Amino acid sequence: MMSKKGYCEYSYNAQITVDSDNQIIVGQHVSQHANDVQEVEPALRALSGATDGAAVDKWSMDNGYFSGSNLHTVERHEIDAYIATDKAEKPAADDLESSDRKFVKADFAYDSEADVFICPAGEKLVTNPASKSKRKSYRANKTVCRECPYRRNCSDSKKEAGRVIRTDKFEKARQAMNKKMETAGAKAIYERRKVIAEPPFGQIKESGFRGFSLRGKEKVSAEFSLVCTAHNIKKFVKAVSTRSIRLEDLKEAKKAA
């Protein structure tokens, strides 16, 4: 079930991996997950099958893919990934002293060696190392939080006196990607994503495909495969034509010389 413009409907999550040179779809699959937080692993399998196991060197993804499991996957496969961070991970534009804004996760410094978060007031938020839960909760001292001058900015909760930050076991990878995506080089690489991965979806829709005609994941996957093939044929023709034109220009240039 996916929510869209105020209502829910039964849908499939279509995924594509696109090459940076010609917008050719080099990998695709259909998922029944409503979001993208666990789609990198199946995307890699689809890509490997379509390219006979070719390795991925560099990969950019939007913030829907920013999750611990996806970060762990690209790290395990030694991929130079550029994944946009979500809003909670980004530092706020206004500093703490000049505004009454609410604290975001990025206001809390993470100490990877001690595995603790440190709040703007200097208080440590610690986790229970014995917990077997997939989600990790970092909690501040309730007594300290009650007397904290930042309490109104940090938490309005009356039930929970101490601030809590919830994350997963891949927090180190999250923090590393946060820092990476703040660099000018990473921003420049990610900026190109809008002319690589986004256009094919728009072009497919403009070609007339707006929804699946079949039912069942196996049939829908086959239908989407045909849609991607039709898209790629157009891209192949354009790539070959462009290359032929360039070769002709080169020949003319040599004759002129």
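What percentage of the 257 residues of the chain count as buried? In this predicted model, in which local features need pLDDT of at least 70, side-chain atom pairs count only at pLDDT 80 or more, and totals for chains, interfaces and linings use all residues, the share is 35%. Residues are numbered from 1 along each chain as its sequence is written, and side-chain values use heavy atoms, with hydrogens and water left out. Buried denotes under 20% relative accessible area, exposed over 50%, and partly exposed in between (1.4 Å probe, protein chains only).

The secondary structure comprises 8 helices and 11 strands, where helices (H or I, at least four residues) and strands (E, at least two) are DSSP runs numbered from the N terminus. The radius of gyration of the chain is 24 Å, well over the 18 Å given by the globule rule for 257 residues, so the chain is more spread out than a compact globule. This radius is taken over C-alpha atoms, and the rule is 2.2 Å times the number of residues to the power 0.38. Along the principal axes, the C-alpha atoms fill a box of roughly 80 × 55 × 35 Å. The chain exposes about 16,700 Å², of which carbon and sulfur atoms supply 51%; accessible areas come from the Shrake-Rupley method with a 1.4 Å probe, and for residues only the protein chains shown count as cover. With contact defined as heavy atoms within 4.5 Å, 52% of the contacts between residues at least 6 apart in sequence join residues at least 24 apart.

Helix H2 (residues 68–76) contains Asn70, which counts as buried at 1% relative accessibility. Beyond its neighbours within four places in sequence, Asn70 is in contact with Asp36, Val37, Gln38, Glu39, Val40 and Tyr65. The buried residues of H2 are Gly68, Asn70, Leu71, Thr73 and Val74. Their cover includes helix H1 (40–50), strand S5 (58–61), strand S6 (80–83), strand S11 (164–168) and helix H5 (171–181). Glu78, which follows H2, has a positive phi, near 55°.

Strands of a sheet pair through backbone hydrogen bonds, either parallel or antiparallel. In this model, 3 strands form an open sheet in the order S7-S8-S9, with antiparallel pairing. Strand S7 (109–111) and strand S9 (124–125) stand at the edges with a single partner strand each, so one side of each is left without a neighbour in the sheet. Two strands are taken to pair if DSSP finds at least two bridges between them; S7 and strand S8 (residues 116–118) pair over 3 bridges. Within this pairing, Asp111 stands opposite Val116 in S8.

Most residues other than glycine have a negative phi. Asp115, in the loop between S7 and S8, has a positive phi of about 55° although it is not a glycine, and counts as partly exposed at 22% relative accessibility. Asp52, found in the loop between H1 and S5, likewise has a positive phi, near 60°. Asp52 is exposed, with a relative accessible area of 74%.

Helix H8 (residues 217–256) holds Phe236, which is partly exposed, with a relative accessible area of 43%. The C-alpha atoms of Phe236 and Val30 are separated by 23 Å, the two residues being 206 residues apart along the chain.
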